[in-house]
Structures are given as C-alpha cells and as structure tokens.
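Have the structure open as you read.

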Amino acid sequence: NGMMLSCAALNLTLEMSHSRVVGTEDPVLPSGLISAISDAYLPEGFSKSDPLASPFFAPDEVLKMFPPSLLFAGSNDPLLDDSVAFNERLRRNGVPSELRAAHNLPHAYWGLGTAGFPEARQVQQECQDWLKRQFTRQNSW
C-alpha cells in the first residue's frame with residue numbers, strides 16, 4: 001500500500017494561509033480559480049470541511065489507517081501549506097510520510113517536465129523511485 005499525492009487539493013474551505021496569500025498570482029491556480037473550483041466541486045449543501053471532500057479535516061483515527069505517503073507540491077503552489085500541515089498530521093499519527101516541495105514551480109507542474117523544466121523531471125524520477133521502493137517493500141513479505 002502507498003499513497004502519492006501531487007499538488008493535492010486537501011482543503012476546499014478557502015481558509016487563508018501564507019502559501020495561499022503569496023500564491024494568489026499562481027499562473028495555474030490563481031485565487032479566483034481556487035474559489036470557483038471549490039464552489040463547483042461539491043453539490044449544494046455538502047460541507048467543504050467534510051473529510052470526504054477535504055481530507056485535511058479527517059479525524060486522527062482515520063489518518064492512522066493511511067498507508068505510507070509521499071506528498072509533492074510546488075514551492076510556489078498556493079496549496080503548499082495544506083500539504084505541509086497534512087504531512088505533519090500523518091507523521092504525528094504514525095504514518096510514514098514524506099513531503100517534497102519542488103523548487104520554484106507552480107501548482108500542477110507535472111507537465112513542465114516535457115517543457116524543459118529539470119525540476120519537474122526530477123520530481124517525476126523521485127516519484128518513480130518511491131513507487132519502486134513501495135512495491136519492493138510489499139513484495140518482500
């Protein structure tokens with residue numbers, strides 16, 4: 001088992017954080033788009049803080065059941081702080097979890113690897129290596 005998240009939308013509540021303030025002009029996910037997506041994602045009457053929509057708010061007893069995890073975000077991603085906090089909660093609950101912030105990259109930077117951004121290619125390689133370690137660990141039982 002393993003969970004790998006990249007640029008994850010873990011908190012749909014639109015609570016302000018440092019990365020959301022600094023990242024308001026993110027070229028991929030500006031603040032107005034975050035709000036529009038958050039509003040459109042859930043049906044009317046469904047709470048944005050429900051853990052089914054926002055895992056950021058999952059109770060500790062649920063987080064303790066999560067598999068080993070790898071979270072990636074761009075260092076300029078407006079959702080970076082949500083990943084940092086979520087990673088901290090996973091680790092506090094005994095889940096092996098790692099967080100990587102890809103330097104100087106915006107939200108959803110995965111496609112930039114083919115556009116000549118070495119940082120994005122490096123992330124893709126790190127993800128492949130992590131998945132291989134997870135598969136090797138599982139197959140060694």
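Setting aside neighbours within four places in sequence, Asn93 is in contact (heavy atoms within 4.5 Å) with Asp60, Leu63 and Lys64. This is a predicted model, in which local features need pLDDT of at least 70, side-chain atom pairs count only at pLDDT 80 or more, and totals for chains, interfaces and linings use all residues. Residues are numbered from 1 along each chain as its sequence is written, and side-chain values use heavy atoms, with hydrogens and water left out.

Asn93 sits in the loop between helix H4 (80–92) and strand E3 (97–102); helices (H or I, at least four residues) and strands (E, at least two) are DSSP runs, numbered from the N terminus. The side chain of Asn93 makes a polar contact with that of Asp60 at 3.2 Å. Such a contact is a pair of N or O atoms within 3.5 Å; within protein, one must be able to donate a hydrogen and the other to accept it, and residues adjacent in sequence count only if both atoms are side-chain atoms. A polar side-chain atom of Asn93 also lies 2.8 Å from the backbone oxygen of Arg89.

Now for the rings: the whole structure holds two aromatic pairs. Rings of Phe, Tyr and Trp (its six-membered ring) pair if their centres lie within 6.5 Å; planes under 30 degrees apart count as stacked, over 60 as edge-to-face and the rest as tilted.

| Pair | Centre to centre | Angle of planes | Type |
|---|---|---|---|
| Phe56 and Phe57 | 5.1 Å | 75° | edge-to-face |
| Phe66 and Phe86 | 6.1 Å | 65° | edge-to-face |

Phe66 lies in the loop between helix H3 (60–63) and strand E2 (69–74) and Phe86 in helix H4, so their pair ties together parts 20 residues apart in sequence.
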